[in-house]
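Welcome, and thank you for taking a look. Please have the structure open beside this briefing as you read.

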Number of protein chains: 2
Amino acid sequence: MDRANTLQIFGLDGIPEVRSGDDVAQLIVDAIRTSELGLLDQDVVVVTHKVVSKAEGRLVNLSEVEPSAFARRLAAITQRDPRHYEVVLRESARIVRMDRGIIISETRQGFVCANAGVDASNVDGIEVLCLQPLDPDASARRLREGLRELLGVDVGVIITDSFGRPWRNGVINVAIGLDGLAPFADYRGQQDPSGYELRASVLAVADELASAAELVMGKLARRPVAIIRGFQSEGTLGTARDLVMDPTRDLFR
Amino acid sequence: MDRANTLQIFGLDGIPEVRSGDDVAQLIVDAIRTSELGLLDQDVVVVTHKVVSKAEGRLVNLSEVEPSAFARRLAAITQRDPRHYEVVLRESARIVRMDRGIIISETRQGFVCANAGVDASNVDGIEVLCLQPLDPDASARRLREGLRELLGVDVGVIITDSFGRPWRNGVINVAIGLDGLAPFADYRGQQDPSGYELRASVLAVADELASAAELVMGKLARRPVAIIRGFQSEGTLGTARDLVMDPTRDLFR
């Protein structure tokens, strides 16, 4: 059994500015109802974490942050806001690299990324910082259940963030929350058409779906949700936490 | 100006086993003619590097490799084939990490990846190693010109490889060769719908397109080519070499 050979990816227009306490499933359903897309079983709904974080109130008002001495020292080097560094440090479980004002850290959720996933944003003209959801896999699970209750469909859900990478310029979208999908397509032990066994062939399809969705999202249009249609998830269901490499296997801890 | 909100991705069936000296553009055109897809201006044609490498004769017959003392020592630790290590070392410009038999190196092309991008494969039952194209950007350029000559269309071309990443399990498809496309979507200095300036927003869309294409390729079906329709490339044209981070900016050299 192998993949389907056609995918469609739709960017969903009509999601309003999200506020703390909003029901993201309901906002998506409202937007789908005003589009002609519908939502089908096995569709994959991909959502930028920023929308989820805002709905969950994962925002920090910069004016309420008291920077530590360490945050102040970092800021003195880079001429940036010490309160921003303070929040990055609070969201970090461990610093992986720190140089030239850049912090690559492991977040409390276990992901390694720049600035502990803390984004500058604003709400009603007030400067705030947007944090990753506390448990993005749980957020994905709730969103999937919400869509099932509201529309009676069984979809996969991916919550994304955009991460930089060592050695390559630019950021790409990856999965930080997941439900109803297999995060990997595992071809180990299977044979390619020449009869050669496929080695080292565990594909992180959840991350590839996250990246694919970003292509229709657009940062300027308010289009934080995409629907991927035609993808057949196979293999063991899992979470985005499964994408985090075990420290004992990781050469770049 | 922002992105289109719908993409289609087609996996192209009908590409035969590729041999040294084959014209990849002609093979793709033949497969397109037996499909109902056609090829349109602004389509992005995404091709697994293995097909390009084979056509360019970038294969090494394992039986003709004489391993060095260093390759033999590595193989003694891991019980693997010393000739494989020898070829990985020959394709490496610099070793970034080496531990437990795993080699992460910078290839002669400048990409950092496991095993210098050397894949085990076979041709007519003989065990061979498949190397990355010598100059994947040039390969992409030739393929794009070939498609223009044969079909009169102006497409973007991406040549991909699947790379592992630090901190995350599984491999994802990335661009190692590129022509006729902007590798990045650069939102710096622009404002989001809340009027907030987008910082750190240089998206590596070439890598996201590479990952999206992988979702329809399948490793078991012989489907090494995908066509992405509906993507509007904007910004400065470039090459996959532009995706390689400058050493002075890289915290993980």
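Two strands are said to pair if DSSP finds at least two bridges between them. Helices (H or I, at least four residues) and strands (E, at least two) are DSSP runs, numbered from the N terminus. This is a predicted model, in which local features need pLDDT of at least 70 and side-chain atom pairs count only at pLDDT 80 or more, while totals for chains, interfaces and linings use all residues. Residues are numbered from 1 along each chain as its sequence is written, and chains are lettered from A and ligands numbered from 1 in the order in which they are written.

**A hairpin and its sheet in chain A**

- In the hairpin of strand 7 of chain A and strand 8 of chain A, two residues lie between the strands, and Asp124(A) takes a positive phi near 50°.
- Strand 7 of chain A and strand 8 (residues 126-130) of chain A run antiparallel and are joined by five bridges.
- Within this pairing, Val123(A) stands opposite Ile126(A), and Ala120(A) stands opposite Leu129(A).
- Strand 8 of chain A is also joined to strand 3 of chain A, by three bridges and again in the antiparallel sense; here Val60(A) stands opposite Leu129(A).
- Together the three strands form an open, antiparallel sheet in chain A with the order 3-8-7.
- Strand 3 (59-61) and strand 7 (119-123) of chain A are at the edges with a single partner strand each, so one side of each has no neighbour in the sheet.
- From one strand to the next, the twist averages 40°. Axes here are lines fitted to C-alpha atoms, for helices over the stretch in contact, and angles run from 0 to 180 degrees between N-to-C directions.
- As background, side chains in a regular strand alternate between the two faces of the sheet.

**A three-stranded sheet in chain B**

- Chain B has an open sheet of three strands in the order 4-5-6, with antiparallel pairing.
- Its edge strands are strand 4 and strand 6 (112-114) of chain B, each of which pairs on one side only.
- Neighbouring strands of this sheet are turned by 25° against each other on average, direction ignored.
- Six bridges link strand 4 of chain B with strand 5 of chain B in the antiparallel sense, and Met98(B) stands opposite Ile103(B).

**Two packed helices in chain A**

- Two packed helices are described by the angle between their axes and the distance between the axes.
- Helix 3 (residues 69-78) and helix 4 (residues 82-91) of chain A pack at an angle of about 125°, with their axes 8 Å apart.
- That makes helix 3 of chain A oblique to helix 4 of chain A (angles under 35 degrees count as roughly parallel, over 145 as roughly antiparallel, 65 to 115 as roughly perpendicular and the rest as oblique).
- Among the residues that meet are Phe70(A) and Leu74(A) from helix 3 of chain A, and Tyr85(A) and Leu89(A) from helix 4 of chain A. Residues are in contact if their C-beta atoms, placed from the backbone, lie within 7 Å.
- The residues of this contact divide into seven nonpolar, no polar and two charged (Ala, Val, Leu, Ile, Met, Phe, Trp, Tyr, Cys and Pro count as nonpolar, Asp, Glu, Lys and Arg as charged, and the others, Gly among them, as polar).

**Where the two chains meet**

- How many residues does each chain bring to the contact? Chain B gives 65 residues and chain A gives 66 residues.
- On the side of chain B that touches chain A, the largest share, nine residues, comes from helix 6 of chain B.
- By class, that side of chain B has 33 nonpolar, 14 polar and 18 charged residues.
- The axes of helix 6 (residues 205-217) of chain A and helix 6 (residues 205-217) of chain B come within 8 Å and cross at roughly 120°; these two helices are therefore oblique to each other.
- The residues that meet between them include Leu209(A) and Ala212(A) in chain A, and Leu209(B) and Ala212(B) in chain B.
- Five bridges join strand 1 (residues 6-11) of chain A to strand 1 of chain B, and the two run antiparallel; the bridge partner of Phe10(A) is Thr6(B).

**How the copies are related**

- A rotation of 180° with 0.0 Å of shift along its axis superposes chain B on chain A (RMSD 0.0 Å), which is the relation of a two-fold axis.
- The superposition is by least squares on the C-alpha atoms of residues with pLDDT of at least 70 in both copies.
- Since 100% of the interface residues of chain B are also interface residues in chain A, the copies meet through the same surface.

How values were computed:
Two residues are in contact if their C-beta atoms, placed from the backbone, lie within 7 Å.
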